Amino acid sequence: MSVTKKELIELVAKRANLTNKASKDAVRVLLNGIRDSLKRGEKVVLSGFGTFSMRQRKAKKGRNPKTGETIMIAARKAPGFTPGKSLKKAVK
C-alpha cells in the first residue's frame, strides 16, 4: 500500500484547513523546491524528517536480461534520502 500525490494533497488540505487547490499548490511548491535544490547540487535538510542529497553512483558491470550480454553501466548521479533520527524513531 502506498500514498499517492493526490492523497497527500487531500491530507494536507484536511490537516491544514486549506482548500484542495491551495494544498495542491503548497505540495507542488515543496516538491519543486526540493527538485530544484538537488539540481543545483544542494542538500535539502528537513529537521526531524531527513536529508535529500545527490549521490554519485560508480560505473559498474551489468547484464542485458534479454541477450545475457555483459554491458557497462556508466557512472551517474542519483538522488538519495537519509531519514532523520525522529523519523526513524517514529516508524519503528
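**Notebook: charged side chains**

I began with Arg 35, which counts as partly exposed at 43% relative accessibility. For my own reference, buried means under 20% relative accessible area, exposed over 50%, and partly exposed in between (1.4 Å probe, protein chains only).

A note on the source: this is a predicted model, where local features need pLDDT of at least 70 and side-chain atom pairs count only at pLDDT 80 or more, while totals for chains, interfaces and linings use all residues. Residues are numbered from 1 along each chain as its sequence is written, and side-chain values use heavy atoms, with hydrogens and water left out.

Next I looked up salt bridges (a side-chain nitrogen of Lys or Arg within 4 Å of a carboxyl oxygen of Asp or Glu). I found four in the structure.

- Arg 35 pairs with Asp 36 at 3.1 Å, N to O; Asp 36 is partly exposed at 28%.
- Arg 40 meets Glu 42, also listed at 3.1 Å, N to O. Arg 40 is exposed at 54%, and Glu 42 is partly exposed at 35%.
- Arg 28 bridges to Asp 25, with the closest N and O atoms 3.0 Å apart. The two are about one helical turn apart because they sit three residues from each other in helix H2 (residues 20-39). Helices are DSSP runs (H or I, at least four residues), and strands are too (E, at least two), numbered from the N terminus.

I also noted that Lys 21 joins Asp 25 and Arg 28 in a network of salt bridges.

Last, I checked Arg 76 in strand S5 (residues 76-83). Arg 76 is partly exposed at 46% relative accessibility.
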